[in-house]
Amino acid sequence: EQALVMILALGLAMALLGTSDQRTQSSVGWYDWGLAIMGLSTGIYVAVRYPILADEFFFRPVETTVVGTILVLLSVEALRRTTGWSLLSVLLIFMTYGLVGHLIPGKLSGRSMEFLELFSFLGVDNTALLGLPLRIISTIVIIFVFMGQLLLRSGGSLFFSDLAASFTFFDVPSPFSYITPRLD
């Protein structure tokens, strides 16, 4: 989880600095730098203190609430900046369900949770923000993106594009011209 928090902190900093409104200004605004530094420093703090925070979660409610709230709010802002309002709306619906789930009758009923307790769980617990989706992103998705960029920069993607175009009988020279018949 300590490595996942560092990956989250670096991702937050890159998302908050990379999505600033650069159409109206030539450089990144001071508030974007402030949010990025806050996310990075909070991530470093949680990475260093995570064993203590995980073991003494219920005995340190103020500390877990503060760092959890910062991480969750910065993640929500980074999500809004990178994907827009549609995915953010889905996230806010699920967060609202976490607060009012105990009022829903039947099988969809949840347990009662206070507002700050929700942020504490979402930010520090290893089943929420630091859970399986961040593990998959950090171990699998990053490798696929890196290998895709490696294939693109080495010219391999052009080869596969030409190969696919040659099978559609366009005027692209085929590497398998001795196999595919010409329709001249």
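Me: In this predicted model, what percentage of contacts between residues at least 6 apart in sequence join residues at least 24 apart?
Reply: The model of the protein is predicted. Contacts counted here are between residues at least 6 apart in sequence. The share that joins residues at least 24 apart is 52%.

Me: How many helices and how many strands does the protein have?
Reply: From the N terminus on, the elements run α-α-α-α-α-α-α. The secondary structure comes to 0 strands and 7 helices.

Me: Is V5 buried or exposed?
Reply: V5 lies in helix 1, residues 2-18. Its relative accessible area is 0%. Buried means under 20%, so V5 is buried.

Me: Which residues does V5 touch, not counting those up to four places away in sequence?
Reply: V5 and A47 are 42 residues apart in sequence, yet their C-alpha atoms are 5.8 Å apart in space. A47 is one of the residues that V5 touches. With residues up to four places away left out, the list is G43, V46, A47 and L130.

Me: Which helix gives the largest share of the nonpolar patch on the surface?
Reply: The patch consists of I7, L132, I136, I137, I140, V141, I142, F144 and V145, with about 810 Å² of accessible area together. The largest share, 8 residues, comes from residues 132-154, which are helix 6.

Me: Does I142 count as buried, partly exposed or exposed?
Reply: I142 lies in helix 6 and belongs to the nonpolar patch. Its relative accessibility is 43%. Buried is under 20% and exposed is over 50%, so I142 counts as partly exposed.

Definitions and conventions:
Residues are numbered from 1 along each chain as its sequence is written. This is a predicted model: local features need pLDDT of at least 70, side-chain atom pairs count only at pLDDT 80 or more; totals for chains, interfaces and linings use all residues. Side-chain values use heavy atoms; hydrogens and water are left out. Helices (H or I, at least four residues) and strands (E, at least two) are DSSP runs, numbered from the N terminus. Contact means heavy atoms within 4.5 Å. Buried means under 20% relative accessible area, exposed over 50%, partly exposed in between (1.4 Å probe, protein chains only). Patches are made of residues with over 30% relative accessible area and no salt bridge: like charges are joined within 9 Å, nonpolar side chains (Val, Leu, Ile, Met, Phe, Trp, Tyr) within 5 Å. Accessible areas come from the Shrake-Rupley method with a 1.4 Å probe; for residues, only the protein chains shown count as cover. A salt bridge is a side-chain nitrogen of Lys or Arg within 4 Å of a carboxyl oxygen of Asp or Glu.
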